Amino acid sequence: MNTIRIGIVGFDHPHVLRFAPMLAAHRHASLTWIAEDGVNAGVARAMADRLGVPLVREPADDVDAVYIATRPSLHRGVVERLAPRGIHILCDKPIALTAEDGRAIVDVAGRAGIRLMVPFNPRGQDGPRAIKERIDRGELGELRLVHAVKVGKVPLTIPGIDASWLVDPTEGRFGGFGDIGLHAIDALRWLIGREPRRVYARIHRGVRPDLAVDSIGTATIEWDGGAVSTLTAGWANPDGFPTFLDARFEVVGSKGAARVDHPYQDLRVADASRSERLAAARTDAVWNLDSFIDAVRRDVEPPITGEDGLRALELLLACYRSSELGEEVAT
Amino acid sequence: MTLRVGVVGAGNIFERGYLPALRATDAVRVTAICDLDPGRAAAGAALLGTARVAASDAELFGFEDLDAVFILTPTHTHADLTIAALEAGRHVLCEKPMARSAADARRMAAAAERTGRRLMIGHARRFDDRWIVLREQVAAGRIGEIAYLYRSEHAFNGAPDGSWQWRDDQSGGVLWDVGVHVSELFHWFLGELPRTAFTKVLHARPESNAGGAPDAAIVTFDYGEARHAVLSVSWIHPPGWGPFYATTEIVGTRGKLESFDRDAHPAIVVGDRAEFVRFSPLLSALATTFRAEVEHFAASIETGAPFTVTVDDAIAAIDMVEAAERSARSGRPEAIAP
């Protein structure tokens, strides 16, 4: 398969604003249509017009793959409709809101024999990738401690898209800890290369008590092999903070340690009165789209599978379970 | 007035922290010094130029020309030495952690009450301008209500195998030795005690396995529905990482405060490995911080004014660390026992 035809299903996930033009411009993909008839139909139409593709109400069969950017409560229905038709799926995170739905998505994709990938940003960032290479080469020895921080601004401030589902207790469900932290939960599984055993977490609405969902949390996770990790995540960056997102990964092993701060590209221009962030393709987004398109074209397993997306979701759910119980829980 | 001071313990914290301060200030004059290692006491006396060497702590407490005693010994000895000094009629500045147990800390507080002598615990962070500035921002409401407070202090501990620092019964490991700093900072910034502590500790290095003292600890303090704090301390970072890498992050309803190790301007010499010229980037304000602590102690004794860090503050930090230690053993969140 030389060039794959891709459709975009839904326009709820903030990632779609970045992914849509990148898919349209991709040398191994052609964007066929955008399907959206919800609250973001207006912004979807503007994007479709800009990219010269039709806006449709329903996904059609004339594509090889889709990128699902609906709110997560709709993921399962979309996958159950499209996977049996042999359409490969890039499903944005979280894969689902419940483990049951996540499992159903992975199973239906498996039965249909399609490629299913969930995009996570740190996997495509140079700093975390450099750390991962050193871990895999044994340079850090046996892992002992891993500290992760993943924080951002409340996504309501993202211009041009209605992402209010993210702060809706039924549609977003997880709040800031889950929204931002899921990327780092996947990164912890990937970096450590083991499965979690137990987790203790405190997650609450303290930063933004005006929102109905949580805004910050910390999880302490113990992994097979004995490594202990911390993860703090949430909507901890005030609007005046210089960057939308911030992240840190620190890995301490028996032979060495490595750390990366702020792995995001940060292009900015300033004059006498203000500074402005410049839009540019982010390497992590490029990596995620390239990886998916490559997996479909070569008919190989994508580097982040549906199973990975499900495991990350299950660990996230365990964090929330611990926080509700006030106890450490098994994963 | 110059406060006349006897120093008990001429080890690491004396050498790195107090000695430069004592040589720089005229608020106190060291008139006597003792150490289990007489050579170390003699070296300290020579550098100070004003002190004679006592053969023992008991002899030192009996000297006539003393107003106060600095207890700069291993943690597990603090309680008995402090109580003996108070009972000998001396005011006491005791290095942190106040004691190896909350029960010992309360015995010390009771002895200060009973004898009418003043007792201060050397929580040097209270005199470090960086924490003072952060605390002022918090107290002024600059970032609103605090929802999250994080502090890490990550380092390689170069103490030799067998040192008291690796003995769980003597130091309590990194959880007590460093964790008590962080706990005190949390209590100072938040002005309240947490409900529970949940802790994971490691015994990763051979020294830690031999002595039983944990060499990494992560504690989550639960302050109720809208607030938590996380303490992360390590002695297992590699030597080249540099001593005392530290991070402070405070998130409130209206904003965020950050202080990173990279703000500490450590001087680095890179040979076959990176060497930090300063003892510690965290304590790059070492000389001014300990001098401020010592001068505050002397001034408060002279005027009778309360200490900026009270015995109750120090006990609160000990209670937090002791609950954290219980949690590491039980695997459950443990209540902070008053």
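Visitor: How many helices and strands are there in chain A?
Guide: Both are DSSP runs numbered from the N terminus, helices being H or I over at least four residues and strands being E over at least two. By that count, chain A has eight helices and 15 strands.

Visitor: What kind of model is this?
Guide: Residues are numbered from 1 along each chain as its sequence is written, while chains are lettered from A and ligands numbered from 1 in the order in which they are written. Local features need pLDDT of at least 70 and side-chain atom pairs count only at pLDDT 80 or more, whereas totals for chains, interfaces and linings use all residues, since this is a predicted model.

Visitor: What radius of gyration does chain A have?
Guide: The C-alpha trace of chain A spans about 55 × 55 × 40 Å along its principal axes. The radius of gyration is taken over C-alpha atoms, and the globule rule is 2.2 Å times the number of residues to the power 0.38. For 331 residues, a compact globule would come near 20 Å, which agrees with the value for chain A, 19 Å.

Visitor: What percentage of the residues in chain A are buried?
Guide: A residue is buried if 20 or more other C-beta atoms, placed from the backbone, lie within 10 Å of its own, exposed if 12 or fewer do, and partly exposed in between. Of the 331 residues in chain A, the buried share is 55%.

Visitor: Which strands stand at the edges of the six-stranded open sheet in chain A?
Guide: Two strands pair if DSSP finds at least two bridges between them. The sheet pairs in parallel, in the order β3-β2-β1-β4-β5-β6 of chain A; inside it, β4 (65–68) and β5 (88–91) of chain A share four bridges, with Y67(A) opposite L90(A). Each edge strand has a single partner, so one of its sides is left without a neighbour in the sheet; these strands are β3(A) and β6(A).

Visitor: Which element gives the largest share of the side of chain A that touches chain B?
Guide: Residues are in contact if their C-beta atoms, placed from the backbone, lie within 7 Å, and here the contact takes 27 residues from chain A and 30 residues from chain B. The elements of chain A that give two or more residues to its side are β7, β8, β9 and β10. The largest share, four residues, comes from β9(A).

Visitor: Which strands of chain B stand at the edges of its open sheet of six strands?
Guide: The strand order in chain B is β3-β2-β1-β4-β5-β6, with parallel pairing. Within this sheet, β1 (3–8) and β4 (68–71) of chain B pair over four bridges, and G6(B) faces V69(B). The edge strands have one partner each, and they are β3(B) and β6(B).

Conventions:
Two residues are in contact if their C-beta atoms, placed from the backbone, lie within 7 Å.
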